[in-house]
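User: I would like to go through this entry with you. Please set each label against its definition.

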Amino acid sequence: QVQLVESGGGLVQAGGSLRLSCTTSTNFFYIYGMAWYRQAPGKQRELVASISSGERTNYADSVKGRFTLSRDNAKNTLYLQMNSLKPEDTAVYYCNGLTKVWSWGQGTQVTVSS
């Protein structure tokens, strides 16, 4: 079973930036499409951004132009650079596979104050 460990969250003011990291325990990270998801209080988990094994990226409309997803296959790590953060970005952020979904990690809390 692949383990996922998210980090990099925190409390920032609106307009600020954070960089999230997700380390995975698989040495086959490079073959998987990966994604960042988030879950705000009282809401369902939603897909924020995804990246294919060929590094093609897709973003939810709500984050397009502000978030950038990247991957380092040598480190089995996924990143999410978040700029121009808004209070509505407040959520717990999780990474996981895009089509192959493993057990969820603990996530990392992102809180954006207005």
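User: How many helices and how many strands does the chain have?

Analyst: The chain has zero helices and 10 strands. Helices (H or I, at least four residues) and strands (E, at least two) are DSSP runs, numbered from the N terminus. This is a predicted model: local features need pLDDT of at least 70, side-chain atom pairs count only at pLDDT 80 or more, and totals for chains, interfaces and linings use all residues. Residues are numbered from 1 along each chain as its sequence is written, and side-chain values use heavy atoms, without hydrogens and water.

User: Why are β1 and β7 at the edges of their sheet?

Analyst: The open sheet has four strands in the order β1-β3-β8-β7, paired antiparallel. β1 (4-7) and β7 (67-72) each have a single partner strand, so one side of each is left without a neighbour in the sheet.

User: How do you know that β7 and β8 pair?

Analyst: Two strands pair if DSSP finds at least two bridges between them. β7 and β8 (residues 77-82) have six, in the antiparallel sense. Asp72 stands opposite Thr77 in β8.

User: What share of the chain counts as buried?

Analyst: Buried means under 20% relative accessible area (1.4 Å probe, protein chains only). Of the 114 residues, 44% count as buried.

Conventions. Buried < 20%, exposed > 50% of the residue type's maximum accessible area, 1.4 Å probe, protein only.
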